[in-house]
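I open this notebook to keep track of what I look up in one protein chain. Each entry takes up one place or one part of the fold.

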Amino acid sequence: MESCTNSSTGEGRHDFARARRIIKTDEFSSVFSLRPTHKSAHFVLYTRQNQLPNARLGIVVAKRFAPRAVTRNTIKRVTRELFRVTSLPSIDCVVRLSRPVNSKDGPATNAKLKAELRQELTRLFASANKPTRPAK
């Protein structure tokens, strides 16, 4: 299967190449050092301008908020999927789970909760797309 994106540079809208990921600890720290830009019921979004031609994503899902690995992986998968299809400016985004997602009604992998998480993350990425005032 041929790809219409350049995986080494991260160009293209529907990829998640290494160039579009925040991997190193100091990169996460530089984004976390800023105040959270947007919050939702379960997530906090931190953003910072970067000098790259594309946006980059980092995801933090703590075990204390999602004890089951299947839940953490589902959250990461949904987040990456929405990041890939959302057109963002040149920013570094870190999405952090800030509240437990498991409920007594059922696991976090049920369809209803997945849809709610998708909706929340879509709103977060849309709010990151709006221009913000530069920090003084």
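**Entry 1: a pair in the middle strands**

I started with Phe43, whose bridge partner in E4 is Leu97. I note here that the model is a predicted one. Leaving out residues up to four places away in sequence, I listed what Phe43 touches: His38, Ile75, Val95, Arg96, Leu97, Ser98, Leu117, Glu120, Leu121 and Leu124.

**Entry 2: the chain as a whole**

I counted three helices and four strands. Along the sequence they come in the pattern α-β-β-β-α-β-α. The chain has 136 residues, and 40% of them are buried. I also looked up how far apart in sequence the contacting residues lie. Among contacts between residues at least 6 apart, 74% join residues at least 24 apart. The exposed surface comes to about 8,600 Å², of which carbon and sulfur atoms supply 51%.

**Entry 3: the sheet**

In what order do the four strands lie in the sheet? I read the order as E1-E2-E4-E3, in an open sheet with mixed pairing. Strand E1 (38-39) and E3 are the edge strands, and each of them pairs on one side only. E1 and E2 run antiparallel and are joined by two bridges. A hairpin of three residues connects E1 to E2. Within this pairing, Lys39 stands opposite Val44 in E2. E2 and E4 also run antiparallel, with seven bridges between them.

**Entry 4: Thr47**

I found Thr47 in strand E2, which spans residues 43-49. Is Thr47 buried or exposed? Its relative accessibility is 16%, and buried means under 20%, so Thr47 counts as buried. Five of the seven residues of E2 are buried, so I wrote the strand down as mostly covered. The bridge partner of Thr47 in E4 is Cys93. Neighbours within four places in sequence aside, Thr47 is in contact with Val31, Leu34, Thr37, Ile91, Asp92, Cys93 and Ala128.

An α-helix has 3.6 residues a turn, so residues three or four places apart point the same way.

H2 lies across E2, E3 and E4, and runs at about 165° to E3. H3 lies across E1, E2, E3 and E4, and runs at about 25° to E2.

Which residues have the most contacts inside the largest nonpolar core? They are Phe43, Ile75 and Leu97, in a core of 23 residues. The elements that give two or more residues to this core are E2, helix H2 (69-85), E4 and helix H3 (111-129). H3 gives the most, with six residues. Apart from this core lies another of six residues, including Phe28, Val31, Tyr46 and Val94.

**Entry 5: two loop residues**

I compared two residues in loops. Pro53 lies in the loop between E2 and E3, and Val61 in the loop between E3 and H2. Pro53 has a relative accessible area of 72%, and exposed means over 50%, so Pro53 is exposed. Val61 has a relative accessible area of 13%, which means that Val61 is buried, the limit being under 20%.

What does Val61 touch, not counting residues up to four places away in sequence? I listed Ala66, Arg72, Ile75, Lys76 and Leu97. I also looked up one C-alpha distance for each loop residue. Pro53 and Ser90 are 37 residues apart along the chain, with their C-alpha atoms separated by 6.0 Å. Val61 and Ser98 are 37 residues apart in sequence and 8.2 Å apart in space, C-alpha to C-alpha.

Methods. Residues are numbered from 1 along each chain as its sequence is written. This is a predicted model: local features need pLDDT of at least 70, side-chain atom pairs count only at pLDDT 80 or more; totals for chains, interfaces and linings use all residues. Side-chain values use heavy atoms; hydrogens and water are left out. Buried means under 20% relative accessible area, exposed over 50%, partly exposed in between (1.4 Å probe, protein chains only). Contact means heavy atoms within 4.5 Å. Accessible areas come from the Shrake-Rupley method with a 1.4 Å probe; for residues, only the protein chains shown count as cover. A nonpolar core is a set of buried Ala, Val, Leu, Ile, Met, Phe, Trp, Tyr and Cys residues joined through side-chain atoms within 4.5 Å. Two strands pair if DSSP finds at least two bridges between them. Axes are lines fitted to C-alpha atoms, for helices over the stretch in contact, and angles run from 0 to 180 degrees between N-to-C directions.
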